[in-house]
Amino acid sequence: GVFVVNLATNKEIFRLRGDKKVTHVCWDPRSDNYLLVSYEGGTVVMYDTDEPARSDTEPRAKFQIARGVHNLEWIPEMPGQFVVTQVDTSVMRQWNISQSGGAATLLKTG
């Protein structure tokens with residue numbers, strides 16, 4: 001699992017439970033509360049750590065990356081946007097938290 005701890009108070013503020021293997025964790029650079037997590041198999045979820053009552057089954061947003069996630073990063077200049085590179089491809093896609101239905105292909109090489 002993943003534990004988020006406030007280092008100033010040494011108190012746990014958020015915990016992800018379950019047996020799913022976490023592959024990436026990425027904080028939103030514009031917010032202390034939004035956390036992107038990718039799991040083995042290509043699921044990407046966004047959690048709001050300010051809502052500790054929400055469980056793994058109730059993330060704020062959820063996306064499925066068909067070929068799995070190679071890398072995951074927020075785009076600091078674009079609120080709510082993040083990019084994903086897929087496993088075994090040379091494709092980078094841009095996603096929007098409020099539009100979980102699809103992505104724009106930004107770069108494809110080879």
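A strand here is a DSSP run of E residues, at least two long, and strands are numbered from the N terminus. With that in hand, take Gln81, which sits in strand β8 (residues 81-86).

Before going further, keep in mind that this is a predicted model. Its mean pLDDT is 78, and 81% of the residues in the protein chain reach 70 or more.

Is it buried or exposed? Buried means under 20% relative accessible area, and Gln81 counts as buried because its value is 12%. Looking past residues up to four places away in sequence, Gln81 touches Trp74, Ile75, Gln94, Trp95 and Asn96. With Gln94 there is also a side-chain link, a polar contact of 2.6 Å. Ser98 is 17 residues away from Gln81 along the sequence, yet their C-alpha atoms are 8.9 Å apart in space.

Now hop over to Thr43, which belongs to strand β5. Thr43 has 17% relative accessibility, so it counts as buried. Once neighbours within four places in sequence are set aside, its contacts are Val37, Ser38, Lys62, Phe63 and Gln64.

| Pair | Type | Distance |
|---|---|---|
| Gln81 and Gln94 | polar contact | 2.6 Å |
| Lys21 and Glu40 | salt bridge | 4.0 Å, N to O |

**The salt bridge**

Side chains of opposite charge can pair up when their charged atoms come close. How many salt bridges does the structure hold? It has 1, and the partners are Lys21 and Glu40. Lys21 lies in the loop between β2 and β3 (22-27), and Glu40 in the loop between β4 (34-39) and β5 (43-48), so the pair ties together parts that are 19 residues apart in sequence. Glu40 itself is exposed, with a relative accessible area of 55%.

Last stop: Phe3, Val5 and Leu7 make a nonpolar surface patch of about 340 Å². Where does Leu7 lie? You'll find Leu7 in the loop between β1 (2-6) and β2 (11-16). Exposed means over 50% relative accessible area, so Leu7, at 76%, counts as exposed.

Conventions:
Residues numbered from 1 in each chain as written. Predicted model: local features only at pLDDT ≥ 70, side-chain atom pairs only at ≥ 80, totals over all residues. Heavy atoms only, no water. Patch = residues over 30% accessible without salt bridge, like charges linked within 9 Å, V, L, I, M, F, W, Y side chains within 5 Å. Areas by Shrake-Rupley, 256 points an atom, 1.4 Å probe, with all protein chains shown as cover. Salt bridge = Lys/Arg side-chain N within 4 Å of Asp/Glu carboxyl O. Helix = DSSP H or I, 4+ residues; strand = E, 2+ residues; numbered from the N terminus. Buried < 20%, exposed > 50% of the residue type's maximum accessible area, 1.4 Å probe, protein only. pLDDT = per-residue confidence, 0-100. Contact = heavy atoms within 4.5 Å. Polar contact = N/O pair within 3.5 Å; in protein donor to acceptor, adjacent residues only side chain to side chain.
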